[in-house]
Amino acid sequence: MHSLSKKKDWGLVLLLAPALIYFLVYHIIPILGMSMAFQDYRIIGKSPFVGLKHFRILFSSPAFFQVLRNTLIISFMKIILYFPLPIIFALMLNEVRSGFIRKFIQSTTYLPHFLSWVVIAGIWIAFLSPTNGGFNQLRGFFGLPPHDYMTDKSAIRWVLFASEAWRSMGWDSIIYLAALIAISPSLYESADLDGASTLQKMRFITLPELLPTMVTVFILNMGFFLNAGFDQVFNMMNDSVISVIDILDTYVYRIGLVNMQYSFSTAASLFKGVIGLMLIVSAHCGSKKITGKGLW
Amino acid sequence: MVKDKYPPKKVRIPRAELFSRWCFTILLLLASILVLVPLLNLLALSLSDPSRVSEVRGLTIVPKGFSLINYKVLYANPLFMRSILNSVFITIVGTALNLIVTSMAAFALTRPKLPFKRFFMVLTIVIMILEPPLVAEYLVIKKIGLMGSLWAVILYKTVNVYYLIIMMRYFEEIPSSLIEAAEVDGATNMTILRNIVFPLSKSAFATIGLFYGVFHWNEYFRASIYLTDPMKYPLQLILRQFVVLDDTASLIGSGALYSYNEAARLSYNALQASTIIVAILPVLIIYPLVLKYYTRGVMEGGVKE
């Protein structure tokens, strides 16, 4: 029996084949195509090798540094500022005793996670509309004049932050809620008998129990710091605010597929890819080391 | 969804705790309202009588009057109706293909008999963490002649490596003695996958199928770069042009709208709202299933650690 199970079965490679063909077309060949970052891409004929030309242009371009800055600021808001929100959400939800109310809250707040950014952008553009949007109607109740947030450079990043929270806060709280439910009730019961206050229970029982989950989520998110959310920015962008929310991925798309500067765009992709790879690998190793759980 | 595991307490709850509990409940209900109001507002806008649409403000959640005229206009628009068909086609064919290819790969990768198993595992991880440049992917699709074809959109993310790994975790739970017994009986790999692995991991297929299905329904970006003929566009792309980019010509310009006498009275905003509602509807329909499988999966994954 044992010798039988050791024999390799080439038929299994056949099962793997469709996936391998997909990887080849959509991943491996495009990754090898990165070499065009060092060439001047020509559609017909041989593309000449130009070394680091495109990288030199990239790193001497003020536009690129603005894009990099936008990416870092938006990621900072969406990863670090946003970080406590789902935790607070889960902590509050855990205190709701009525099963019906809890289910209602969960079913409504998880929903936006499944809507596309096209739909969410549509909803938010309507909600923030200066003429008949809900938010400006609310402002009206407080005697404030309507404000057009979608075209306001100083507000648009907060619109990104708020819409991200609107979409993800409920969904992202699930992992914390699961960790909260796993805490043994006897811990709280004995704390109650000792006369511990709500705050003390939070400080000495809940937070320490949540810490591993918090560390895992935080570190893994850091691995995607250069992404900043293409679909969201792409759909909420307009000419008035492009200078403050243009991120690496939207920039790569625009110079590559709109302006058709194939090699230059690929150089920018390669830059993002290399830094991103370092971030992901260190996030994985960091997480593995601290919590024993990594990306793979 | 979440199991109710709070037994009635014998200890009397201090008043402060009771108060904070109510505050939390109210705050969370506000979050629910914040999600629901913009959605209900669009629904109200889309169902209101065209002559009373101007009465619908941002926080209105009940239609003013009632009319299905916006939906009738959309129904009469060939581009819009075609886009729904395209989206349904992409979603069904795409998800079926995803499940077949992903489960075959996951099965092969979990079998100890797979030759070069280690190499294939490393390759999978490399695929997961290396993001190919957009332009390079675009040029490959162009070169192999998929440009302008729905297949370029359907095949994108045929295998999502994250889901592949989730599926492998499920398959690893299946006792290997079951599979080995079938092998001794001379069953082929495909038979084992179909008759043993699949029935034992239906919830994995359901969960991952939902992941993939939602992904395909919501996809617009690959469609926007690979498709050239507007009659092939999926709904999300039409929605993006019409609502996000505010491009009237894309829908209204296609003629059918003006064949309606009421067209002049129609509110552009109400028509946009109806488009959004139509795009959300399928997600709402499968949402109870999503809550059942998906959320439970995430919860269990979290508990297991």
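Start by selecting Met260(A), which is exposed, with 12 other C-beta atoms within 10 Å. Met260(A) sits in the loop between α14 (248–258) and α15 (262–291) of chain A. Its phi is positive, about 55 degrees, although Met260(A) is not a glycine. Most residues other than glycine have a negative phi.

This is a predicted model, in which local features need pLDDT of at least 70 and side-chain atom pairs count only at pLDDT 80 or more, while totals for chains, interfaces and linings use all residues. Residues are numbered from 1 along each chain as its sequence is written, and chains are lettered from A and ligands numbered from 1 in the order in which they are written.

Next, select Lys157(B), in the loop between α6 (150–155) and α7 (161–172) of chain B. Lys157(B) is not a glycine, yet has a positive phi of about 60 degrees. Lys157(B) counts as partly exposed, with 18 C-beta neighbours inside 10 Å.

Now show chain B as a cartoon. Chain B has 14 helices and zero strands; helices (H or I, at least four residues) and strands (E, at least two) are DSSP runs, numbered from the N terminus. Of the 305 residues in chain B, 40% are buried. Among contacts in chain B with a separation of 6 or more, 72% join residues 24 or more positions apart. Two residues are in contact if their C-beta atoms, placed from the backbone, lie within 7 Å.

The average for chain B is 87, and 87% of the residues score at least 70. Within chain B, confidence is lowest in helix α13 (residues 248–251), at a mean of 64, and highest in α11(B), at 97. For the complex, the predictor gives an ipTM of 0.90 and a pTM of 0.91.

Turn to the contact between the chains, which takes 86 residues from chain B and 83 residues from chain A. On the side of chain B that touches chain A, the elements that each supply at least two residues include α1 (15–47), α3 (78–110) and α14 (268–304) of chain B. The largest share of that side, 19 residues, comes from α1(B). By type, the side of chain B that touches chain A divides into 63 nonpolar, twelve polar and eleven charged residues. Here Ala, Val, Leu, Ile, Met, Phe, Trp, Tyr, Cys and Pro count as nonpolar, Asp, Glu, Lys and Arg as charged, and the others, Gly among them, as polar.

Stay on helix α1 of chain B and pick Glu17(B). Glu17(B) counts as partly exposed, with 14 C-beta neighbours inside 10 Å. Glu17(B) and Ala206(B) are 189 residues apart in sequence and 41 Å apart in space, C-alpha to C-alpha.

Finish at the largest nonpolar core, which has 149 residues, with the most contacts inside it made by Ala105(B) and Ile276(B). A nonpolar core is a set of buried Ala, Val, Leu, Ile, Met, Phe, Trp, Tyr and Cys residues joined through C-beta atoms within 7 Å. Helix α9 (residues 156–181) of chain A gives the most to this core, with twelve residues. Centre on Ala105(B), which touches Leu15(A), Leu16(A), Ala19(A), Val159(B) and Leu164(B), not counting residues up to four places away in sequence.

Notes. Buried ≥ 20, exposed ≤ 12 C-beta atoms within 10 Å, placed from the backbone. pLDDT = per-residue confidence, 0-100.
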